Amino acid sequence: MIYEIRIYDCLPGRLPALLKRFAEHTLAIWDKHGIKQAGFFTTIVGENSQRLTYLIAWESLADREVKWKAFTTDPAWLKARDESERDGQILSNISNQLLSPTAFSAVQ
């Protein structure tokens with residue numbers, strides 16, 4: 001099992017639009033493609049209060065490649081993304097890392 005940490009920095013005031021998109025559209029599309037989230041977090045103390053950080057659990061790099069490509073090209077996702085940005089761009093920056101748990105990690 002590997003984990004992907006993704007960090008989305010929103011433009012000022014746009015975090016609610018991003019959260020709504022995940023809650024109302026993205027997670028259902030992930031379910032359709034077998035993508036498993038391992039947690040979502042907003043920043044209450046830190047450098048950016050307009051940030052969403054989340055984790056995805058993948059079986060392998062190959063699993064990620066297949067499922068992420070299917071998600072990012074899914075017409076339902078493209079429509080949801082475009083509609084959520086009708087009032088303007090949401091994100092100013094996206095970063096991600098793929099992580100492998102250590103032998104002593106509580107999650108494997």
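Is T53 buried or exposed? At 17% relative accessibility, T53 counts as buried, a term that stands for under 20% relative accessible area, with exposed meaning over 50% and partly exposed the range in between (1.4 Å probe, protein chains only).

The model is a predicted one, in which local features need pLDDT of at least 70 and side-chain atom pairs count only at pLDDT 80 or more, while totals for chains, interfaces and linings use all residues. Residues are numbered from 1 along each chain as its sequence is written, and side-chain values use heavy atoms, with hydrogens and water left out.

**Surroundings of T53**

- T53 belongs to strand β3, which covers residues 51-58; strands (E, at least two residues) and helices (H or I, at least four) are DSSP runs, numbered from the N terminus.
- Residues up to four places away in sequence not being counted, T53 touches I5, R6, I7, G39, F40 and F41, where contact means heavy atoms within 4.5 Å.

**Salt bridges**

- Nine salt bridges are present in the structure; each is a side-chain nitrogen of Lys or Arg within 4 Å of a carboxyl oxygen of Asp or Glu.
- One of them pairs E4 with R64, whose closest N and O atoms are 2.7 Å apart.
- Because E4 lies in strand β1 (residues 2-10) and R64 in helix α2 (residues 61-72), this pair ties together parts that are 60 residues apart in sequence.
- Both E4 and R64 are buried.
- Another salt bridge joins D63 to K67, with 2.9 Å between the closest N and O atoms.
- D63 and K67 are both in helix α2, where they stand four residues apart, about one turn of the helix.
- D63 counts as buried at 15% relative accessibility, and K67 is buried with a relative accessible area of 19%.
- A further salt bridge links K79 and E83, the closest N and O atoms being 4.0 Å apart.
- K79 and E83 are four residues apart in helix α3 (residues 75-84), so about one helical turn separates them.
- K79 counts as exposed at 53% relative accessibility, whereas E83 is partly exposed, its relative accessible area being 37%.
- Salt bridges that share partners also join E4, R6 and R64 into one network.

**Packing of helices α1 and α2**

- The axes of helix α1 (residues 15-33) and α2 come within 10 Å and cross at roughly 135°; axes are lines fitted to C-alpha atoms, for helices over the stretch in contact, and angles run from 0 to 180 degrees between N-to-C directions.
- α1 and α2 are therefore oblique to each other, given that angles under 35 degrees count as roughly parallel, over 145 as roughly antiparallel, 65 to 115 as roughly perpendicular and the rest as oblique.
- The crossing of α1 and α2 is right-handed: a crossing is right-handed if the near helix is turned clockwise from the far one by less than a right angle, and left-handed if anticlockwise.
- From α1, the residues T26, I29, W30 and H33 meet K67, W68, A70 and F71 of α2.
- By class, this contact of α1 with α2 has five nonpolar, two polar and one charged residues; Ala, Val, Leu, Ile, Met, Phe, Trp, Tyr, Cys and Pro count as nonpolar, Asp, Glu, Lys and Arg as charged, and the others, Gly among them, as polar.

**Packing of helices α1 and α3**

- α1 and α3 have axes 9 Å apart and pack at an angle of about 165°, which makes α1 roughly antiparallel to α3.
- The crossing of α1 past α3 is left-handed.
- R21, H25, T26 and I29 of α1 make this contact with A76, W77, A80, R81 and S84 of α3.
- The residues of the contact of α1 with α3 divide into four nonpolar, three polar and two charged.

**H25 and A80**

- H25 is in helix α1 and is partly exposed, with a relative accessible area of 33%.
- Not counting residues up to four places away in sequence, H25 touches K20 and A80.
- H25 and S84 are 59 residues apart along the chain, and their C-alpha atoms are separated by 9.8 Å.
- A80 lies in helix α3 and is buried, with a relative accessible area of 5%.
- Apart from neighbours within four places in sequence, A80 is in contact with R21 and H25.
- From C-alpha to C-alpha, A80 and E24 are 9.1 Å apart in space, although 56 residues apart in sequence.
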